[in-house]
Amino acid sequence: MDAKEIELKAKALTKAATQNEPSANIVPLLKELQQGVKATEDLLRSTRVGIIVNKFKQHKSPDVARLSSEIVSKWRNEVNKQKAGGSPSASQRSSGSPRPAQNGTASPAGTTPSDKTSKLSVPPDRRSWKADSVDINQTGNKIRNSCIGLMYDGLSLNSTESPRSVLSKASAVEAAAYAVYGPETKEQYRTKIRSLYQNLRNKSNPTLRVRVLGNEVTPDQFVKMTHDELRSAEQREQDRRIQKENMDKAMVAQAERSISTSLQCGKCGQRKVTYTEAQTRSADEPMTLFFLGRGG
């Protein structure tokens, strides 16, 4: 996909956002960019496609938010690799040709599009370390290896990252958790691993695993994040709205109660009776009295 085609797709995305088009119209555009763009810093800057796609990370549709996050993470990784290994020439950037091998050897294995797709044997939503045929025996310790498997299953869900990349990140997360909460015999370590796994698999927080895989959140940061920090911005906003609604309800004025000594409670016989008035019938009818004894 050349720069002109990318600009057209970017304009279509901008139009979809401004006109509040459904996610069914946005997802195909994002997938075309995901498959067709060979990201370089110059290309992303000249077409502004990176800025446009990045805005969709906060989209109300989980599918759109997840896909845009994956695309931005992928492009960032590609650009960072080019910077680390020497940027390709302008002609290579515009044509999207892969970076040539250095010193006559094959280029290092990475998360290039071909690497991502060729090694996936199941759909992204059915990935696990078993389905990807990954060897999780990385530590020589059965419990720790099982925890690496859990982290792999959480990180790989709906991801197109290569099994090698996901395994590397899963191992790094487990090692960070082990360093802070280990050894593996401690309940705190196992509880933390289970908590991280559940947050990674949370359908309401699809961007968390993308942020971890893209190193926006490092393994050391990830294992130390609080429950609130692990939640998505949308989840925190929903909690804020619920708290506000509860507060508003709590502040609603309650019906005023009056006390009468001329009436007698039929239950306890006392003369101190509390009563409230409420309009339960039409406006031209008298108000209804509700009586409570002293006990309530």
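1. The largest cavity holds about 120 Å³ of space. A cavity here is a set of points, on a 1 Å grid over the protein atoms alone, where a 1.4 Å probe fits but cannot get out. Volume is the space filled by probe spheres set on the points. Across the whole structure, three cavities of 30 Å³ or more turn up.

2. This is a predicted model: local features need pLDDT of at least 70, side-chain atom pairs count only at pLDDT 80 or more, and totals for chains, interfaces and linings use all residues. Residues are numbered from 1 along each chain as its sequence is written, and side-chain values use heavy atoms, with hydrogens and water left out.

3. Sixteen residues line the largest cavity; Glu-70, Ser-159, Thr-160, Glu-161 and Val-210 are the closest to its centre. Lining residues have an atom within 4 Å of a point. Helix H5 (62–85) gives the most, with four residues. The lining divides into five nonpolar, five polar and six charged residues.

4. The protein averages a pLDDT (the predictor's confidence in each residue, from 0 to 100) of 76, and 70% of the residues score at least 70. Helix H8 (residues 142–156) has the highest confidence, at 93, and helix H6 (residues 90–95) the lowest, at a mean of 39. Residues 87–118 have pLDDT below 50. Where pLDDT is low, the predicted coordinates should not be read in detail.

5. Helix H9 (residues 163–181) reaches 26 Å from first C-alpha to last, close to the 27 Å expected at 1.5 Å a residue. Its buried residues (under 20% relative accessible area, 1.4 Å probe, protein chains only) include Val-166, Leu-167 and Tyr-181. H8 is one of the elements covering the buried residues of H9.

Technical notes
Helix = DSSP H or I, 4+ residues; strand = E, 2+ residues; numbered from the N terminus. Contact = heavy atoms within 4.5 Å. Expected span 1.5 Å × (residues − 1). Buried < 20%, exposed > 50% of the residue type's maximum accessible area, 1.4 Å probe, protein only. 1 Å grid on protein atoms, 1.4 Å probe; cavity = no way out; pocket = protein on both sides within 12 Å on 5 of 7 lines; lining within 4 Å. Nonpolar A, V, L, I, M, F, W, Y, C, P; charged D, E, K, R; others polar.
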